[in-house]
Amino acid sequence: MDVPETVATALDDRPVAGKRCLEAGAGAGNATAGLLANGAARVYAVTNDRGHALTTRRRVGDGGGDDGDGNGGDDGDGNDATVDDRLAVLEADLRAVPLPDDSVDLITAHGLCNVLDPAALSAVAAELSRVAAPGAHLVVDDYDPLPDDAAIRELFAVENAASELARGRPALTFYPAAFLRRFFAGHGWEFERERTLLEPVPWTESHVSAHADEATAMAGDCPDESGDALAAAARRLAGEIGSESVGRMYGLAFRLPD
Ligand SMILES: C[S@@+](CC[C@H](N)C(=O)[O-])C[C@H]1O[C@@H](n2cnc3c(N)ncnc32)[C@H](O)[C@@H]1O
């Protein structure tokens, strides 16, 4: 199981072994892979995206168990040879996590907050605080806002414009580390430490083209000609940018009082 260096660094001073863990926003399952590799007793990987749930299951192997969603274990895709009984992938909204109060000891939000607008961030933080047991740990890894002269900012602006017009909310919000420190403190979490995980952040050609694809897909749902203009801008910017190394990814760690 391949664990990215950012995840390994974010977890290496956290007590994972033997703990009940929640990966909030499973995405590609990177943090789930890190939690299992570090000896977690149980990992709930939660995402609202069916494709991401499948990716995480295939990557790590979902043992099913007590998630109650009926889609653990053999999901019929023929890829369950490497089942890990400690993992349950839950397809659910983090604004209503399908877990009881005080039921997890460690939560990761690795690259999650930037895809949550402020209203969603507030609702998700309240849920994470609810399911966390007294003394639980929280790891929040994300990106500082990009500098004004970063070329990729313009592509993200186009993606956000398409998202606002198509769905009524931004696709991406880059919260400063200092903001999330105070924000989670407001939800009862005691700040423990901050680390730099990447600086500069390598936005590779595949990241850039994935964001251009996302912007183009949402542009298809925009009214009138605005969508055509945004799709054209996304494609042009992706071609011009190629790849860019800029900005910082940070790792914050918190703990709930016992
Ligand atoms: C950028 S990915 C996170 C990367 C991942 N943590 C990793 O380490 O590979 C963000 C994930 O959060 C999920 N997500 C965003 N909003 C959500 C919500 N309200 N409820 C559940 N999942 C959500 C997305 O579907 C996606 O799976």
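The model is predicted, so local features need pLDDT of at least 70 and side-chain atom pairs count only at pLDDT 80 or more, whereas totals for chains, interfaces and linings use all residues. Residues are numbered from 1 along each chain as its sequence is written.

**Overall build**
- The chain holds 8 helices and 9 strands, where helices (H or I, at least four residues) and strands (E, at least two) are DSSP runs numbered from the N terminus.
- Along the principal axes, the C-alpha atoms occupy a box of roughly 50 × 45 × 30 Å.

**Ligand surroundings**
- The ligand is surrounded by 22 residues, of which the closest are Gly 25, Gly 27, Asn 30, Asn 48 and Asp 49; a residue is near a molecule if its C-beta atom, placed from the backbone, lies within 6 Å of it.
- Both α2 (30–37) and β2 (42–47) supply at least two residues of this shell.
- The shell comprises 9 nonpolar, 9 polar and 4 charged residues, with Ala, Val, Leu, Ile, Met, Phe, Trp, Tyr, Cys and Pro counted as nonpolar, Asp, Glu, Lys and Arg as charged, and the others, Gly among them, as polar.

**Helices α2 and α3**
- The axes of α2 and α3 (residues 50–60) come within 10 Å and cross at roughly 30°, the axes being lines fitted to C-alpha atoms over the stretch in contact, with angles from 0 to 180 degrees between N-to-C directions.
- Thr 32, Ala 33 and Leu 36 of α2 meet Thr 56, Arg 59 and Val 60 of α3, contact meaning C-beta atoms, placed from the backbone, within 7 Å.
- By class, this contact has 3 nonpolar, 2 polar and 1 charged residues.

Notes:
Contact = placed C-beta atoms within 7 Å.
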